[in-house]
Amino acid sequence: MTSLPATTEKKLGLVIDLDTCVGCQACVTSCKEWNTGGYSAPLTDQQPYGADPHGAWLNRVHSYEVGDGPTSQTVHFPRSCLHCDEPACVTVCPTGASYKRAEDGIVLVNPDTCIGCKLCSWACPYGAREYDYGHGVMKKCTLCVDRIYNEHLPEEDRIPACVRACPTGARHFGDLGDPDSAVSKLVAERGGFDLLPEFGYKPVNKYLPPRQRRDASAGSSPSSPVESGSSATGATADRLFVWLDRILSR
Amino acid sequence: MHPAYSVILFTTASGGGYGLLVWLALAGLLDLVPTEPWLGFFGFSLAFALITAGLLSSTAHLGRPERAWRAFSQWRTSRLSREGVMAVATYVPAGLLGVGWVFLGHTSGLFALAALVTIVCAVLTLYTTGMIYASLRTIPQWHQPLTAPIYIVLGLASGAILLNSMLQVFGLCAAWSIWLAIACLGLGLLLEAAYWQTIDGALKQYTVEAATGLGQMGKVRPLERPHSQPNFVMREMGYRIGRTHSLTLRKLVVWFGFAVPIASTLASFIPSAIIGGVASLLAVAGAAVGIVLERWLFFAEAEHVVSLYYGADRA
């Protein structure tokens, strides 16, 4: 079972827009909320109210500062399973608990046969798998396999919980194996990229790069009234106009 | 990488056990020692005890030890599964050889074949153990050609020290077993030195810029962590020890794991049963401490690529 399917009919996955993600963690908490009651439940926490609270979460959002000086940017970086086409985490599994589905390419762990050896987490360069200390088995993103095909849910809810929760539309779900799908077109249009392609695991999930800032070119040669100094006297009204000038020229 | 004591105990104890099986089988095959029942009984019991203790200890690493039997099923793709299969399969020829040696007092015919198969199986088990680690591309310190040979040679060295010590105790000390232990230890020391040199000199090729794909925008620095306390990924894969600390530990590995056992084994040449006996036991004790430390360092010095997301600059 840990042998990979030769091909998958679909390549379901996520496209994450690093330009619009605001790092609000809504995808993180909605993921935890859904999955602690869904497939492979529970997602246990250790010492949730103690000195060292930690637990199994399937989605983490980092914040990085990228670049130097006035053009530097804060980039919020959601990180979860990329549902790789050739996942090393699946082939290292000694029990067959880890598997990749032939029908849609989703990588799952069977919580009833996982022995909790943690080797899959060692094999993943993306840190996507988190061991559940309370349940004794490995947990990972299921792409909300129990939502996306769930006919008991209204149609608009048949998408992963993280995508449903995102307030800025930074997360997109679809078939990345179909070049005509909305997500594939988005990836082509925005120059979506793979994380660590040199490992050869062929991630299905794609990341969209932050867009060039419109005022990026102004960063090194400041031209706003404050910096050019002529009209800035420091009066409240002046500062208001300077602020307005900045906002309007974005 | 977090050094899990159950895995350290498994790889060192079972490693010594498989090494001892190799040398017992070779000694039986080539008639290097008398096939005396007590020697066989003691030798095979010690080897099986070490192997079994190690295997049981390894299940303590599992979240669900009661399901450990499932790990024998995926030998087609999983190196961990292959190790499990080989580890258990080795009991069969080794057990047969033990029966021939202890109960029938000979190691010829069918038992000679069992001895050959034991040697192949035991060495393959050590190899499969090493390859679990060597195959992980996510841990550059492990993913290199020296990893598996070190597991094999240190297993064989532990076995050779045990055999020599046993022959001392039984008054059967022979020059070949002394030289065998010294040769294995010398080779082990060479490989270990080469391993340390390799991991110290390796160019760390993975960067946080590559991991996030944001390199075109400039240097990437962590601003905010995704969580306040370390999670599983950080606890398991983000284990760090200081460089100076690790250099001290390496010296201890060289002293305990190699210098003390080599010197003590050489003392076996002194024609005194007491000095020889004490020295050979000292070799066993030194090697036990040194090789456990070596295995601990093997984990502690290994840096997982995922640490890039958590603030490591390069990995």
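This is a predicted model: local features need pLDDT of at least 70, side-chain atom pairs count only at pLDDT 80 or more; totals for chains, interfaces and linings use all residues.
## The interface between the chains

The size of an interface is often given as the accessible area lost when the parts come together. Here chain B and chain A bury about 4900 Å² between them, and 59% of that area lies on carbon and sulfur atoms. Three residues, R221(B), F232(B) and Y309(B), supply 15% of the area that chain B buries against chain A, more than any other three residues. In terms of residues, 54 from chain B and 61 from chain A take part in the contact.

Polar interactions also cross this boundary. There are 31 residue pairs in polar contact between chain B and chain A, counting pairs with both residues at pLDDT 80 or more. Several elements of chain B each supply at least two residues of the side that touches chain A: α3 (79–89), α5 (110–134), α8 (208–212), β1 (220–224) and α9 (232–237). Sorted by class, this side of chain B has 29 nonpolar, 15 polar and 10 charged residues.

## Salt bridges

Over all chains, the structure holds 21 salt bridges. The count between chain B and chain A is three. In one salt bridge, D52(A) is paired with R235(B), and the closest N and O atoms are 2.9 Å apart. D52(A) lies in the loop between β2 (45–46) and β3 (54–55) of chain A, while R235(B) belongs to helix α9 of chain B, so the pair joins two chains.

## A sheet built from both chains

Strands from both chains form an open sheet of three strands, in the order β5(A)-β4(A)-β1(B), with antiparallel pairing. At the edges stand β5 (73–80) of chain A and β1 of chain B; each has a single partner strand, so one side of each is left without a neighbour in the sheet. Neighbouring strands of this sheet are turned by 40° against each other on average, direction ignored.

The pairing can be followed strand by strand. Strand β4 (residues 59–66) of chain A pairs with β1(B) in the antiparallel sense over four bridges, and P222(B) in β1(B) is the bridge partner of Y64(A). The pairing of β4(A) with β5(A) is also antiparallel and runs over eight bridges. Within that pairing, S63(A) stands opposite H76(A) of β5(A).

## A sheet within chain A

Chain A contains an open sheet of three strands in the order β10-β1-β11, and its pairing is mixed. The edge strands are β10 (171–175) and β11 (206–208) of chain A, each pairing on one side only. From one strand to the next, the twist averages 25°.

Strand β1 (residues 12–17) of chain A pairs with β11(A) in the parallel sense over three bridges, and D17(A) stands opposite L208(A) in β11(A). Helix α6 (residues 182–190) of chain A packs on the sheet, where it touches β1, β10 and β11 of chain A. The direction of helix α6 makes about 120° with that of β10(A).

## Backbone details in chain A

Most residues other than glycine have a negative phi, and most peptide bonds are trans. The peptide bond from A41(A) to P42(A) is cis, with omega near -5°, and P42(A) is placed in the loop between α1 (26–35) and β2 of chain A. Q47(A), a residue other than glycine, has a positive phi near 45°. The place of Q47(A) is in the loop between β2 and β3 of chain A.

Key. Residues are numbered from 1 along each chain as its sequence is written. Chains are lettered from A and ligands numbered from 1 in the order in which they are written. Side-chain values use heavy atoms; hydrogens and water are left out. Contact means heavy atoms within 4.5 Å. Buried area is the accessible area (1.4 Å probe) that two parts lose on being put together, summed over both. A salt bridge is a side-chain nitrogen of Lys or Arg within 4 Å of a carboxyl oxygen of Asp or Glu. A polar contact is a pair of N or O atoms within 3.5 Å; within protein, one must be able to donate a hydrogen and the other to accept it, and residues adjacent in sequence count only if both atoms are side-chain atoms. Ala, Val, Leu, Ile, Met, Phe, Trp, Tyr, Cys and Pro count as nonpolar, Asp, Glu, Lys and Arg as charged, and the others, Gly among them, as polar. Two strands pair if DSSP finds at least two bridges between them. Axes are lines fitted to C-alpha atoms, for helices over the stretch in contact, and angles run from 0 to 180 degrees between N-to-C directions.
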